[in-house]
Amino acid sequence: MRYASFLIGAVLLLAIKVNAQINVVNPPPSDAFPQVALLAPSANPFGLGSLPGAAPAAITGSSATGAPLAEPPVQVQSVYETYNWQAYIGYEYLRYYQVPAVTLNTNGFTYSMVYYFKNWVGADGEFDATHLNEFNTGGWLLLGMGGARFRWSAPRGLEVWAHVLGGYSHFTPQTAFGNEHAPAYEAGGGVDIRFRPRFAWRAEADMVGTHYFNTYQYSPKVTLGLVIKF
């Protein structure tokens with residue numbers, strides 16, 4: 001009887017050990033033994049929030065491999081923007097050398113329009129109208145010309161330019177010296193002083209040539225006015 005009891009106890013002990021080994025190799029589902037989850041390592045074992053300095057690789061400028069991403073190229077723009085179109089209107093004074101020993105002071109206005117098809121060269125059109133008085137009679141010297149204009153950007157928003165124009169002129173009153181119409185040409189330049197992105201003051205000086213009364217006239221002119229850019 002004693003040997004039988006010893007044999008039964010050994011069998012039960014062996015069965016308990018085998019069952020324990022099976023449970024270790026094939027653990028039951030987590031819902032049956034939730035304490036098994038304690039064996040898995042925690043991503044944040046102390047329950048702390050994410051650090052404020054942490055950021056994804058895309059935000060910190062690093063790739064997934066840890067290499068720094070290339071910074072985007074820096075584009076540098078001119079401080080003063082240039083415009084293709086310019087319109088100008090201003091006061092004009094022209095000292096008209098009509099014939100030898102006869103000069104006339106004329107006052108009026110000038111208007112011009114320029115289109116720059118390149119940054120430094122453009123097409124220039126100009127109209128001048130100045131009033132004069134001869135033989136106690138009022139008259140006009142009218143000029144309509146076109147040509148080329150060249151410009152250079154200077155510091156502090158200044159724009160220096162020069163132009164060469166050619167066209168036609170009309171002179172009144174009719175005199176005994178000859179025709180009222182004659183070819184005309186002009187050469188000179190000026191400076192534009194920027195005070196707003198699209199506005200500038202202009203000072204200009206030119207030499208105007210005409211061919212009236214079988215002689216040539218070379219008449220200096222100056223203008224002051226406003227430039228509008230668009």
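Rings of Phe, Tyr and Trp (its six-membered ring) are taken as a pair if their centres lie within 6.5 Å, and the pair is called stacked when the planes are under 30 degrees apart, edge-to-face when they are over 60, and tilted for the rest. This is a predicted model, in which local features need pLDDT of at least 70 and side-chain atom pairs count only at pLDDT 80 or more, while totals for chains, interfaces and linings use all residues. Residues are numbered from 1 along each chain as its sequence is written, and side-chain values use heavy atoms, with hydrogens and water left out.

Tyr96, Phe171, Tyr212 and Phe213 form one aromatic cluster. By the ring rule there are 10 aromatic pairs. Among them is the tilted pair of Phe109 and Phe127, with 6.4 Å centre to centre and 55 degrees between the planes. Phe109 belongs to strand 2 (residues 102–115) and Phe127 to strand 3 (residues 121–134), so this pair ties together parts that are 18 residues apart in sequence; strands are DSSP runs (E, at least two residues) numbered from the N terminus.

| Charged residue | Ring | Distance to ring centre |
|---|---|---|
| Arg149 | Trp161 | 3.9 Å |
| Arg151 | Tyr116 | 3.6 Å |

Phe109 has 37% relative accessibility and counts as partly exposed, a class between buried (under 20%) and exposed (over 50%), using a 1.4 Å probe and protein chains only. Phe127 is likewise partly exposed, at 37%.

Notes: Helix = DSSP H or I, 4+ residues; strand = E, 2+ residues; numbered from the N terminus. Lys NZ or Arg CZ within 6 Å of the ring centre and 35° of its normal.
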